[in-house]
Amino acid sequence: MTPRTPPPPGDVLRRGALFLDFDGTLVEIAPTPDAVRVDPALSGMLRTLHERLGGALAIVSGRPLATLDAFLAPTRLPAACEHGVVLRVTAEAPAETADVPSVPDAWRAAAAALAASVPGALYEAKPHGFSLHARQAPAAMPRFEAALRDLIAEDERFLLLPAHMAWEVKPRAADKGTAVAALMARAPFRGRMPVFIGDDVTDEAAIAAAERHGGVGLRVEESFGDPAGVRAWLARLLDEADDAAAA
């Protein structure tokens, strides 16, 4: 696959809307979800870029909104969380939750028990779904997949989604692609060129949505190398904005 080149900084600053995945894109993947380390400069950089883009910068993640806010505090940004189930269209707006089902309590209990039976595995609860992480127990991935497929087999409202050494059960009706489309229909994103950056199979729908809206979808490894490369590109955007303001 030919790597996609990021748009010129001037184009992004003049008419772009940035949609950024979190884990594996802005921050490095950690052994557990709570162990993520956020570069101290990232919060301020995102806040400034959000201002320079007239508010058209959003985090698009499978994480719950409260978790993202805690990682990026004190910065508050537009966001699409839980794979599009929860939207915050502007930094000041209240969160909007899509009308989607939540997984049954019995599924949660079964998944938590499965994770507890595997040393190093982790169950992560989310408001409308859950994940089983196997970053420290990679041999359990096939077992988790089989068990979760059996668990959800009779309810088509839910989807099993692969992620970085994890499996996630989530509502089928929302994904990162529907999230990007929903944000593009609203100010301050409407009418801009979407630029989505992600690193995982969960980001493919958002990449496709950005391209359908006349923008570009970028994969971290192909276009930037790693999250440090993404952060360096964002820093260059700010440098370009500063140079333009000084000219």
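Tutor: Leu42 counts as buried because its relative accessibility is 1%; buried means under 20% relative accessible area, exposed over 50% and partly exposed in between, with a 1.4 Å probe and protein chains only. Residues are numbered from 1 along each chain as its sequence is written, and side-chain values use heavy atoms, with hydrogens and water left out. Keep in mind that this is a predicted model, where local features need pLDDT of at least 70 and side-chain atom pairs count only at pLDDT 80 or more, while totals for chains, interfaces and linings use all residues.

Leu42 belongs to helix α2, residues 42-52. Helices (H or I, at least four residues) and strands (E, at least two) are DSSP runs, numbered from the N terminus. Leaving aside neighbours within four places in sequence, Leu42 has contacts with Leu26, Val27, Leu72 and Arg231, where contact means heavy atoms within 4.5 Å.

Now for the sheet. It is open, with 4 strands in the order β6-β7-β9-β8 and antiparallel pairing; two strands pair if DSSP finds at least two bridges between them. At the edges stand β6 (122-125) and β8 (158-163), each with a single partner strand, so one side of each has no neighbour in the sheet. From one strand to the next, the twist averages 20°. Strands of a sheet pair through backbone hydrogen bonds.

Let's follow the pairs. β6 joins β7 (residues 130-133) over 4 antiparallel bridges, and Glu124 has Ser131 in β7 as its bridge partner. β8 and β9 pair over 6 bridges, also antiparallel, with Pro162 opposite Trp167 in β9. These two strands form a hairpin with 2 residues between them, and Met165 in the turn has a positive phi of about 50°.

Helix α5 (residues 141-152) lies across β7, β8 and β9 (166-171), at about 20° to β9. Such angles run from 0 to 180 degrees between N-to-C directions, and the axes are lines fitted to C-alpha atoms, for helices over the stretch in contact.

Not counting residues up to four places away in sequence, Asp200 touches Pro162, Ala163 and His164. The Asp200 side chain reaches the backbone nitrogen of His164 at 3.2 Å.

Technical notes
A polar contact is a pair of N or O atoms within 3.5 Å; within protein, one must be able to donate a hydrogen and the other to accept it, and residues adjacent in sequence count only if both atoms are side-chain atoms.
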